[in-house]
Every structure is written in structure tokens, then in C-alpha cells.
Amino acid sequence: MTTKNLLRPLAAATALLSGLLAAPAAMAQDVTTLKVHFFLPATSYAATLFIQPWCDKIARESANRMKCQLYPSMQLGGTPAQLYDQARDGVADVVWTLPGYTAGRFPSLEAFELPFMMQNPEATSKALWDYTQKYSQDEFKDIKPLAFHVHGDGVFHMTNKPIKTLADLKGLKLRAPTRMTNKYLAMLGATPVGMPVPQVGDALSKGVIDGAVVPYEVVPSVKIQELVKYHVETDPAEPAFYTSTFVFAMNKAKYESLPADLKKVIDANSGQALSGQIGRAFLQADAEGRKLTAKNTTQVIPAAELAAWKAVGAKLADSWVSDMNGKGRPGARMLEDARALIAQHAAKR
């Protein structure tokens, strides 16, 4: 046998071995890793009850061909108000944020942030998804929305002074998250101070604000239970005096780059059902967060007192309708539809 003939089996074996060694690398390259960016810590209820479970589910349903790399607490840089643009621009593949952190940029969603709109976050989140499909498509055209949702009842967390009546709000510096809630607090006589959740703890500890309005689910992330003495709820039989809207969004180009089967996994874990699931998770998170406040004083503002608050809220709703009309939008119909959708989904529970 010639040297040339002897080398042929060796070359074939080498090629086979190279192919076997290359196979795992090729398989590894086939895994899509989504960079998921958000503003709360990895230990927050948002991360443990919603974001991580969603990531686990898409990994499982894609046979681990699609996974998440979580970047909590703004680890990719920027501010919470910049998260939407990070999803648009591809800095992150998936983000979770409040549209209201950029005041006035997403006005259609503000219908759900008006006072006394929301009573159950699961039903209201489903309603919000349906509403956005009709009224918010243009505002969110630069990203792929995966879910829209709200949090549970807003609560006053006060450092030194409880709130029993409308008059008690006069002159208090209160943190609020969105344009509508800030406007509402001002109309109630308080001095609103807009800021994202991560700034609340520092502002409370330094006395920059007298209190903050946030749901109970935020309590452990900010350690609010250690910074305030009073927690003031509104009558649970009444709709919440405020809630905030959130968007869970994906970079459009990243979604379009996925093979068809992975797009199906994302599609199956998006939309109205996911929105409702997140709302339900936030209700669970509120119950857990509330437990941490047991050593403090909790008060409830009764329905009779809230009548005056509602009258002020109605004026804010009228103002929002006028604002939408001025933008060429059917403000009254939008608000009517928001309320009807909330009632519709609440009736299905």
C-alpha cells in the first residue's frame, strides 16, 4: 500500500473527529440568549414571580434553544426611563418598564392610570392588553409588545404622618410614578415628586419626601417597611385610588431574527393571557409584601371619605379626555372602552 493510500483512512478519521468536535459548538451557537433588562433587583417579586418564570417557560418550550440572561437593577446601564428605547435600539432584547416613566410619551395608556379605575390587577391587565390593540398600536410600533399589565392597589407609605382625610394631604411631599398620579396628588393638595422606584428608598431616608405611593409588592425591593411608620390603604371594596401601567417588550429585530419555531414559543407566551398572569402574580406579590409591614401601623380610608377623592378624580378624567380630543383622539370613547373592558374581564373571574 502506498503512503498516499495509508493517509486516506487517517484523513477520513480526522475529518470525522473534527465533525464530532464541531457538533457541540454548532449546537451551542444554535442557542438564542435574550438579554432581559429591568430596574428592580433580582430578588424583587417582579423578578421571582414573573420575569424568571417566563424565562424558564420559554427555555422549556424551546428545548433550551432559547434562554434568558437577566440584567436586574439596570446592570446594562442607563435609567429606568430609558428602558423602552433600549428595547427599541437593541441595547437589550427584552425589557420590563413603566411607559409612565417618560411622561406624556404614551398618552393612550393613561386612561388606566386615572384614579379609581382598577380593582383587580389580573382582570385589568387583560383589559389593558385588549385596549392597547385598539388604541396604542402606533405608540408602540417600534418594539414588539409581549404584555401590558398593571400592579395592585396603590398604597400610601408615610414616614411620620398618617392620612385619614383629604385635608391631611395638604402640603405633603409625596412620590408618585406617573403623570396622571402626580397630577391627581396635586389636585388633592399634596406636592407630587416624580421619581422611579429605585430612588424611593434614598428619598425617604433623607427626608426629601414625606411618603410614597407604591403597591405593597415594591416594599421589600426598597425596604420601605424600615423607612416608614404608616401604611394607608383605601377601602378594598372600592377601585384603587391609583395604579400604573407596565410594558414587557422585545426588540423587533431580535424577534424577526428568530426561526419560525422559536417565534411560535414567544407568541405562545405573549398577549392577553400573559398580561393577566402577570397581573395575578402582582396580586400575590402584594400579599407577600404586606406581611413585611406588620410591625408598622396600617390604616384604611373608608368609602365615605373617598367620595370627595372620587369627585376630584372625575375632574382629572375629564381633563385627560380633553387632552386626547386635542390630539385628534376620541377621548371619551377611549375612556368608555377602558372602563367597559375592565368590567368585562372582571365579570369573567
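**Figure 1. Residue classes in the lining of the largest pocket of this predicted model**. The lining comprises 5 nonpolar, 3 polar and 4 charged residues; Ala, Val, Leu, Ile, Met, Phe, Trp, Tyr, Cys and Pro count as nonpolar, Asp, Glu, Lys and Arg as charged, and the others, Gly among them, as polar. Among the lining residues are Q119, Y216, E233 and R290. The greatest contribution comes from α10, with 4 residues. Helices (H or I, at least four residues) and strands (E, at least two) are DSSP runs, numbered from the N terminus.

**Figure 2. The disulfide between C55 and C68**. A search of the whole structure finds 1 disulfide, a pair of cysteine sulfur atoms within 2.5 Å. The sulfur atoms of C55 and C68 are 2.3 Å apart. Because C55 belongs to helix α2 (residues 45–61) and C68 to strand β2 (residues 66–71), the pair ties together parts that are 13 residues apart in sequence. The torsion about the S-S bond is about -90°, so the disulfide is left-handed. C55 counts as buried, at 3% relative accessibility; buried means under 20% relative accessible area, exposed over 50%, partly exposed in between (1.4 Å probe, protein chains only).

**Figure 3. The surroundings of E139**. E139 is located in the loop between α4 (121–135) and β4 (143–150). Its relative accessibility is 16%, so E139 counts as buried. Not counting residues up to four places away in sequence, E139 touches Y84, F106, P107, S108, L109 and R329, where contact means heavy atoms within 4.5 Å.

**Notes.** Residues are numbered from 1 along each chain as its sequence is written, and side-chain values use heavy atoms, with hydrogens and water left out. In this predicted model, local features need pLDDT of at least 70 and side-chain atom pairs count only at pLDDT 80 or more, while totals for chains, interfaces and linings use all residues.

Note on methods: On a 1 Å grid over the protein atoms alone, a cavity is a set of points where a 1.4 Å probe fits but cannot get out, and a pocket is an open set with protein on both sides within 12 Å along at least five of seven lines; lining residues have an atom within 4 Å of a point.
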